Protein chains: 2
Amino acid sequence: MKIISSRTNSRIKSARALRQRKARESSRTFLVEGIHNVGAAVEAGAVIQEIYYAPDLLKSQFGLETVEDATKRGVPCYPTTVEVFNSLASKENPQGLLAVVRQREEKIDDLNPDNYPWGVACVAPQDPGNVGTILRTIDAVGASGLILLEGGVDPYHPTAVRASMGALFRYPVVRVSFDEFKQWVKEHNYQVYGTSAHGAVNYLEVEGYAHPAILLMGDERQGLTSEQSEICKEILRLPMHGQVSSLNLAVAAGVLLYAMLERFEE
Amino acid sequence: MKIISSRTNSRIKSARALRQRKARESSRTFLVEGIHNVGAAVEAGAVIQEIYYAPDLLKSQFGLETVEDATKRGVPCYPTTVEVFNSLASKENPQGLLAVVRQREEKIDDLNPDNYPWGVACVAPQDPGNVGTILRTIDAVGASGLILLEGGVDPYHPTAVRASMGALFRYPVVRVSFDEFKQWVKEHNYQVYGTSAHGAVNYLEVEGYAHPAILLMGDERQGLTSEQSEICKEILRLPMHGQVSSLNLAVAAGVLLYAMLERFEE
């Protein structure tokens with residue numbers, strides 16, 4: 001196949017546009033960079049729309065086999081020059097492998113206590129690294145997925161993709177308004193555990209967590225609104241012994257998810 | 001005071017050099033950006049060497065008072081043009097306030113079970129955001145500080161400074177080789193709790209943690225070496241129920257620090 005050597009090639013321009021949220025949202029695709037991450041996407045059965053690789057950069061046997069296997073399965077794989085590849089990659093010194101992957105299509109109405117017994121919902125998270133890290137923890141504890149309420153960062157931002165360590169390919173991430181979430185919670189009788197610096201209950205004092213469960217993380221600056229607090233079965237507090245008023249969002253989610261894992265009622 | 005309007009002014013060049021690790025290490029100073037962070041540094045009693053501010057950007061009452069108070073206490077405060085200020089700031093749309101702050105001077109020999117009952121040690125952490133986030137959690141649980149073993153990122157990297165939410169100004173961060181650490185641990189009879197994906201003990205099965213304690217987080221890729229494992233009283237495992245093989249470093253430290261907080265022996 002002829003190597004793409006122009007940065008203004010129309011495919012390259014479309015792929016590069018995926019560095020912007022707007023293009024990711026309109027195309028429902030996103031960029032996955034690097035040998036490990038592209039391999040994880042393939043392994044997870046993510047829909048790979050196309051692959052770009054720079055033969056002069058991609059020397060790893062595993063990376064080359066990924067391209068070969070994808071080609072066999074009919075995924076278009078385009079070789080590019082190093083210069084063109086660098087114009088696509090968001091990291092310096094890229095490994096020479098990048099995929100355009102389709103976003104998962106789950107809607108909140110696809111989720112129910114049978115296929116989604118235990119989820120995390122975050123109100124408007126502001127840091128893509130935190131969103132990816134929370135997905136990584138969701139995988140670690142065996143939870144079901146992530147719900148993003150009221151906007152916030154794009155979970156398909158390159159930093160979130162990297163931080164998720166592949167979990168983004170395997171778990172549903174749905175984005176809804178709080179009103180839709182509230183209705184869904186009610187319909188399926190989810191037990192919502194909120195968290196707030198001023199929460200009523202020390203998280204260690206909860207005797208047991210009930211299924212189906214949602215851990216609801218409030219807005220990082222303002223915490224849970226009164227309307228959000230109203231749907232919670234409990235509002236948990238992590239003890240804070242120093243001067244900082246809160247934990248990092250992904251750390252707080254991690255501590256609470258492991259606490260829930262430990263104390264779920266049979 | 002005359003406003004600095006040249007990006008090549010010698011003070012500005014020296015301050016800008018602090019964006020590089022080398023200059024931070026040779027001068028033992030670092031940059032603190034933004035109204036909130038500079039305020040936290042002042043409040044924590046950090047040694048502020050000098051302050052730069054852009055009168056055309058800095059409109060917050062709190063920010064202006066910070067400059068005024070610092071001036072009264074004899075800290076040199078230099079007004080700059082917006083263009084000069086932007087050449088110093090690492091973030092886009094800076095708030096117009098930035099301080100050059102002295103690094104704390106603690107050495108590991110200054111630390112002992114009386115002033116340092118409970119610390120975290122990380123082997124060569126690679127992400128400055130994680131280092132700052134771990135300091136934030138150290139503050140939250142009431143631990144004593146952070147020990148960086150065998151190199152890794154600079155804890156005074158701007159991303160670490162931001163992520164620590166001010167904890168970097170209040171807790172000792174010491175950098176030593178593993179050999180020095182090992183000797184210090186032995187001398188003071190610290191109980192070292194290591195963590196590894198292949199650790200022998202589920203962290204929940206530890207009946208009690210003893211003081212003085214160090215939580216030792218292994219290298220993110222390779223975990224603890226056998227030499228590092230040898231000094232551990234226990235090697236803890238966080239249960240992993242999914243496909244990812246590990247948690248994010250700061251999340252793992254957070255879960256374990258809260259578990260220790262819960263189970264310290266009297």
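Just after helix 4 of chain A, A:Gly74 takes a positive phi of about 90°. Helices (H or I, at least four residues) and strands (E, at least two) are DSSP runs, numbered from the N terminus. The model is predicted: local features need pLDDT of at least 70, side-chain atom pairs count only at pLDDT 80 or more, and totals for chains, interfaces and linings use all residues. Residues are numbered from 1 along each chain as its sequence is written, while chains are lettered from A and ligands numbered from 1 in the order in which they are written.

Helix 4 of chain A covers residues 61-72. Its 12 residues should span 16 Å at 1.5 Å a residue, and its end C-alpha atoms are 16 Å apart, which agrees. The expected span is 1.5 Å times one less than the number of residues.

The buried residues of this helix are A:Gly63, A:Thr66 and A:Val67. A residue is buried if 20 or more other C-beta atoms lie within 10 Å of its own, exposed if 12 or fewer, and partly exposed in between, with C-beta atoms placed from the backbone. An α-helix has 3.6 residues a turn, so residues three or four places apart point the same way. Their cover includes helix 3, strand 2 (48-53), strand 3 (77-79) and strand 4 (97-102) of chain A. The face turned away from the buried side carries the exposed residues A:Gln61, A:Phe62, A:Glu65, A:Glu68, A:Asp69 and A:Lys72.

Chain A is divided into domain 1 (10-102) and domain 2 (108-263), with bounds from an automatic or database domain assignment. Their centres, taken over C-alpha atoms, are separated by 30 Å. The contact takes 12 residues from domain 1 and eight residues from domain 2. Two residues are in contact if their C-beta atoms, placed from the backbone, lie within 7 Å. On the domain 1 side, helix 2 (21-27), strand 1 (29-33) and helix 3 (35-43) each supply at least two residues. Strand 1 gives the largest share, four residues.

Chain A also meets chain B: 25 residues of chain A are in contact with 26 residues of chain B. Helix 6 (128-141) and helix 10 (249-263) of chain A each supply at least two residues of the chain A side. Helix 6 gives the most, with seven residues.
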